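Me: I'm new to this one and would like a close look at a single part of it. Could you walk me through it in plain words?

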Amino acid sequence: MEALNIQFAPETGTEEEWNEAYARLADYFRAYNLHNRIRRTQLILETLRKAAEAHAKEPERPPTAHAIEQARLMLLEWFGKIYSDMNLSEAQLEATGRLGFHLAGGPVRWPQFFLDEENMPEDMGEAMRSALRTSGPGMQISKMTPRDMDLGIISDVAEDTFDRLGRHPLLRYSVLLVIVLSVLGYLYSLFA
Amino acid sequence: MSAPIGSQTANIAMTAGMPPKRVSRTRRATFFSFVGLGTIVGAWLSFIFLSENGMRLSEWALLIVFIPLYYQLNVGFWTALFGVWLMNRSKPDPLDLWLTLNATDYAQPIDASTAIIMPVFNEDVTRVYEGLRSIYLSLEATGQSSNFDFFILSDSDKASQWIEEETAWLELCRQLQAFGRIFYRKRRKPINRKSGNVSDFCRRWGKRYRYMVVLDADSLMSGALLTSMVRIMEKNPGIGILQTFPKQIAADTLLGRVMQYAQALYGPPFMAGLDYWQCGEANFWGHNAILRLAPFIEHCALPPLPANAPFGGHILSHDFVEAALMRKAGYSVRLLPTTRGSYEEGPPTLVDMLKRDRRWCQGNIQHLWLVFAKGWHPMSRVNFLHGILSYVSSLLWFLFLALATFLAATPTPHGDPQALLAEELLLGLTAMLIFLPKTVILLDEVITGRMFKPLKLRLLTFVSSLLDTVVFTLMAPVLMIFHSRFVIYTVIGRSVNWVTQRRKTDGGVNWSEILITFAGVSLLGITWTALGWFVSKAFLLWISPILFSLAVSILVAALVSGSRSGRRFGLFLTPEEYDPPTVLQMMQQNLEEIKDRLQLSPELERHYGLMQVCLDPYVNGLHVSLLRRRRTIDVSRGYLDKISHRLLTEGPQSLNSQELKALMHDTDTVTNLHYRLWSAAEHELAPFWATAIRQYNLASTSPFAHTLASRELAA
């Protein structure tokens, strides 16, 4: 592990802005479940230094944005090395790499080598590559098409009726009203 | 019968599992003779009483609605009695499928590939995966699990739910070391709901497997039963669908416990009775069953019905139709009598039960189209008719009571001794049809101790049965009113939405929901009582149990939805509560562990999945990895940017479910959201995200473990 060099003197940006960038990076690397604090601090400082250079060139963007962007670039570069033999797009590479590190048990087994391109253990790379997951087994496509079903003559009559009633709600409720009125009329005739 | 396909088993008659026609015919002739005789006697007695002074139109109407009701009563009565007889006769049932397996079969390794599928739709993620874990481990314990694969087939349309399902899948696979054994599939569009989800599985992976076990999100099955089912299917290539009897479990409300008790006590004889007369033309209930995949794929695709929903369109109750199609293809559909190993959960409250019934009602009424379709086995038509009748009978019962009220208001003198005798006989016969099966089953339990061996528990079943009669008597008229409404709604074209079933309550009674739902029923009960008072006091007395139940329906609904269920007095005890099977015990222990977990603030919990996919690099990576890459997207990039911005600056509550889904379906958007969120200054973010960044990993060390128990397998 390289010695920890805590010197950091950005040319642009305020102290408050860089403190905010530091805090955000700390949270971000914690999100990777990196419990090795020394490695986390190393990474934060390394990222902040790169962010400071970028901020000097583009000072209108806040240091926090530069810091996260640099972290992303470092990740892409690191994953690119691990998955160099696979033809992955940028989004796939990022997703596969992060998932691979988690499934390989990286945060517990190799926290000190996270984003370390120089001293990458062979078994870590292998474990990350073999951890690629898919949600289903290889497909074997079958045809499953409904067979024709002869619903009989009643269905033809009913289909027309339902379609007509369905298209005309007024007609539907009129039919219902006629039925109700007929029943009421019958009742009235009995009592009258 | 066409030659069944799908089985690779050698030296076995390809029709094994299809009961001989001679046996089926004899059984049905016997059964339906009793049913027919009972119905005719009832109708005849009713006619004698009504026709004393000549038949009026209203009396004919009463007789017409009476006949199907009496038929249904007879079917239940004789099914139960035949069941009790079968369970007690010394000679084994020659059609008993358990007898087809011998000791050698159990010793053979299982080489048939079987997919266990669980279609889910916005279900409780923890319950789904803990259930699946228990089934998986139970199956592993049999030593025969290597040819079983599990599939979670999601149609969930809530973004957070979707992400939680993905993370739980990954964590479960990691904990069980089951990558390549448990798979997760999320459909982009939930076409044709559950049946479409199953068909989609069949089209993609069906060819890989010989059998498919279909589970519901609340199903639980033991490994021993699963392996036995595969062995039975292997020994009986003539069986297309083998349906188990899923017993209800894990209820904690009075309604749930009464239902699961009644099912435990009365269910087995009813199942035995059904098996007696249904033979090879039983029904499929949609879950806890095993299906032979090749014929299912070839013959059981569901055609859309003519006309639009609710009568036509997509078939809602697909299971009955699939059973009929399987039978039409020449394969039998069998019931497997089981008392242990197959479980499900029931609705916890009366309102939930009614919501479920509303869907089932529409689905069953749709079968009207199919009753007269060509090519069905006659018993499939009977099954359709019984399904329809199970809901239409409520409307018939309502009409019967309405007509009876009308006849009481326009009385004719009854003085003929023969008519009076017919009335008394009819009353006695009806009471017998209602209460005798229960009494016989109860006596059977007390004598044989099928459910419980200790005498004290057997005697307690007496008290429980008396009380469940009270509960069911109070509920039946309420169900009658609602089922009648559902039938009418379906007829006038009011369709149902596909909603998630609630399987647990949060502990309290929801009074506002109960008041809104049952106020009309209570009012009807009170009005009817007032009407009865003016019409005839004697009639009012006769109908009073029904009207009383309607009038107090609000109280009944509140009572049965509460958690006071008599458990501490030993009432409504089931074998699964008294001596829980391992598979259930394991699941309940894990669910208990999760209950004690640290919870985040309610807002963060509500959007937990969404929060994780945006914030957590690993969850984000998982979600993007599982998304299918598309060259083109359904919506414009500008639209996605706009709603991404709103998500970050105004919080998840500012987006509707469609917008959230659109975001979660696009790989680039999901990746960018992660970085945009972490790059933004706190003042640029909605308060939700500012809090989330500080708190999101407080609840558990791993975002994947939040919804699951920690049960690592020993390496």
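How many residues does the contact take from chain A and from chain B?

Reply: Keep in mind that this is a predicted model. The contact takes 43 residues from chain A, while chain B puts in 47 residues. On the chain A side, helix 1 (15–30), helix 3 (63–82), helix 4 (90–103), helix 7 (153–167) and helix 8 (169–191) each supply at least two of the residues that touch chain B. Helix 4 of chain A gives the most to that side, with seven residues. Sort the chain A residues that touch chain B by class and you get 20 nonpolar, eleven polar and twelve charged.

Now for a look inside chain B itself. Helix 22 (residues 608–615) and helix 26 (residues 667–679) of chain B have axes that come within 7 Å and cross at roughly 80°, which makes helix 22 of chain B roughly perpendicular to helix 26 of chain B. From helix 22 of chain B, the contact is made by B:Val613, B:Cys614 and B:Leu615, and from helix 26 of chain B by B:Val670, B:Leu673, B:His674 and B:Leu677. By class, that contact between the two helices has six nonpolar residues, one polar and no charged ones.

Helix 18 (residues 553–561) of chain B has its own buried set: B:Ser553, B:Val556, B:Ala557, B:Val560 and B:Ser561. These cover an arc of only 120° around the axis, so they sit on the same side of helix 18 of chain B. What covers them includes helix 8 (254–278), helix 11 (350–366), helix 15 (455–492), helix 16 (511–535) and helix 17 (537–551) of chain B.

Key: Residues are numbered from 1 along each chain as its sequence is written. Chains are lettered from A and ligands numbered from 1 in the order in which they are written. This is a predicted model: local features need pLDDT of at least 70, side-chain atom pairs count only at pLDDT 80 or more; totals for chains, interfaces and linings use all residues. Two residues are in contact if their C-beta atoms, placed from the backbone, lie within 7 Å. Helices (H or I, at least four residues) and strands (E, at least two) are DSSP runs, numbered from the N terminus. Ala, Val, Leu, Ile, Met, Phe, Trp, Tyr, Cys and Pro count as nonpolar, Asp, Glu, Lys and Arg as charged, and the others, Gly among them, as polar. A residue is buried if 20 or more other C-beta atoms lie within 10 Å of its own, exposed if 12 or fewer, and partly exposed in between; C-beta atoms are placed from the backbone. The arc is that of the directions from the helix axis to the C-beta atoms. Axes are lines fitted to C-alpha atoms, for helices over the stretch in contact, and angles run from 0 to 180 degrees between N-to-C directions. Angles under 35 degrees count as roughly parallel, over 145 as roughly antiparallel, 65 to 115 as roughly perpendicular and the rest as oblique.
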